[in-house]
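Have the structure open beside you as you read.

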Amino acid sequence: MRSYLLNRAWQSLVTLVLATVVVFLGVRALPGDPALALAGEDQTPEALAAIRERYGLDQPLPLQFWHFVSNAVRGDLGTSVRTGQSVNDMLRTALPVTLELSLLAIAIAVVLGVGAGVVAAVRRGRPAEWVANAFALLGLSVPHFWLGLVAILYLSVATGLFPASGFVPLGEDPVGNLHHVILPALILGTGLSAVIMRQTRSSMLDSLSTDYVRTAEAKGLRPRVVVRRHALRNSLIVVVTIVGLQLGGLISGAVVTEQIFGLPGFGKMTIDAVFQRDYPVIQAVVLVTATAYIVINFAVDLLYSVIDPRVRVTGEAS
């Protein structure tokens with residue numbers, strides 16, 4: 001187990017280093033001169049030279065990279081060139097909003113997707129499977145932005161059940177926070193649950209046809225016990241993989257939903273930084289996103305070893 005953890009931790013560290021290099025070079029490969037974007041109307045040679053000196057743009061790339069890495073290791077991600085606000089403070093404000101939205105959407109998706117997938121596999125060829133497949137197809141086909149607009153029209157404007165926009169911090173008013181976040185989370189979770197449902201159903205059908213499940217049934221175990229303890233557990237690896245990938249994607253990709261519902265989250269901050277050419281914010285956003293993907297994938301690897309010990313043994317053998 002120790003060897004497995006060390007191996008995965010080393011791979012994650014190497015990936016993080018490579019991601020840092022890609023982030024640094026990618027931001028500087030963007031078209032246009034950052035100094036021109038920051039100068040605004042005052043684009044005199046003196047002003048451009050002062051901006052390059054202030055933000056270190058006149059230094060060689062290796063030296064810029066060293067300053068970027070050393071500051072990031074100390075937890076200093078720079079200052080927004082547009083607002084003058086610390087990027088760390090901006091992340092502390094925006095990231096919890098997106099994390100709460102993503103985690104709640106994932107929880108909804110897992111409950112709906114795994115439950116519908118198990119029912120569709122156990123009730124194969126029956127009306128329950130047809131209904132589950134129909135909802136999965138609907139969830140995969142309908143775009144999130146359209147579903148969000150329809151939800152706002154009927155659930156917010158017409159009936160007033162949910163607020164159409166805005167956000168209340170969890171620490172100030174937990175009930176009001178949930179009231180503002182639950183509808184966007186349902187919109188995101190609906191599409192994800194369709195993906196999880198299809199994969200759970202497919203994996204469950206494979207598990208239900210294996211010898212160990214037939215042996216458990218031959219022993220006289222109740223169907224619920226066979227499904228829960230034997231078939232479902234061995235199908236969870238696929239579910240964990242999808243949840244890990246989708247959670248990383250939500251942290252960086254819940255842009256449309258946050259824009260529609262007016263949530264001051266990570267996605268909205270990213271869009272604003274891109275349009276305003278706020279390079280320190282763009283750099284920090286991409287770095288945090290890459291780090292989140294790496295950490296989530298490392299956590300998924302650990303869950304693999306808990307769900308299926310054979311994965312742990314294989315990792316130690318390698």
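## Helix α6: length and faces

How many residues does helix α6 have, and what span does it reach from its first C-alpha to its last? This is a predicted model, and in it α6 runs over residues 127-141, which makes 15 residues. The helix reaches 21 Å from its first C-alpha to its last, close to the 21 Å expected at 1.5 Å a residue.

Now turn to burial. E129, A132, A136 and G139 are the buried residues to look for in α6. Viewed down the helix axis, the buried residues of α6 fall within an arc of 95 degrees, so they line one face of the helix. An α-helix has 3.6 residues a turn, so residues three or four places apart point the same way. Among the elements covering the buried residues of α6 are α5 (87-122) and α8 (174-208). On the face turned away from that buried side, you will find the exposed residues P127, W130 and L137.

## A nonpolar patch on the surface

Next, have a look at W10, L13, V14, V17, L18, V21, L25 and L61: they form a nonpolar patch on the surface, and together have about 730 Å² of accessible area. Helix α1 (residues 2-28) gives the most to this patch, with seven residues.

V21 lies in α1. Its relative accessible area is 31%, so V21 is partly exposed.

## A299 in helix α13

Finally, visit A299, placed in helix α13 (residues 279-307). A299 counts as partly exposed because its relative accessibility is 35%. A299 and V240 are 59 residues apart in sequence, while their C-alpha atoms are 9.8 Å apart in space.

Definitions and conventions
Residues are numbered from 1 along each chain as its sequence is written. This is a predicted model: local features need pLDDT of at least 70, side-chain atom pairs count only at pLDDT 80 or more; totals for chains, interfaces and linings use all residues. Side-chain values use heavy atoms; hydrogens and water are left out. Helices (H or I, at least four residues) and strands (E, at least two) are DSSP runs, numbered from the N terminus. Buried means under 20% relative accessible area, exposed over 50%, partly exposed in between (1.4 Å probe, protein chains only). The expected span of a helix is 1.5 Å times one less than its number of residues. The arc is that of the directions from the helix axis to the C-beta atoms. Contact means heavy atoms within 4.5 Å. Patches are made of residues with over 30% relative accessible area and no salt bridge: like charges are joined within 9 Å, nonpolar side chains (Val, Leu, Ile, Met, Phe, Trp, Tyr) within 5 Å. Accessible areas come from the Shrake-Rupley method with a 1.4 Å probe; for residues, only the protein chains shown count as cover. A salt bridge is a side-chain nitrogen of Lys or Arg within 4 Å of a carboxyl oxygen of Asp or Glu.
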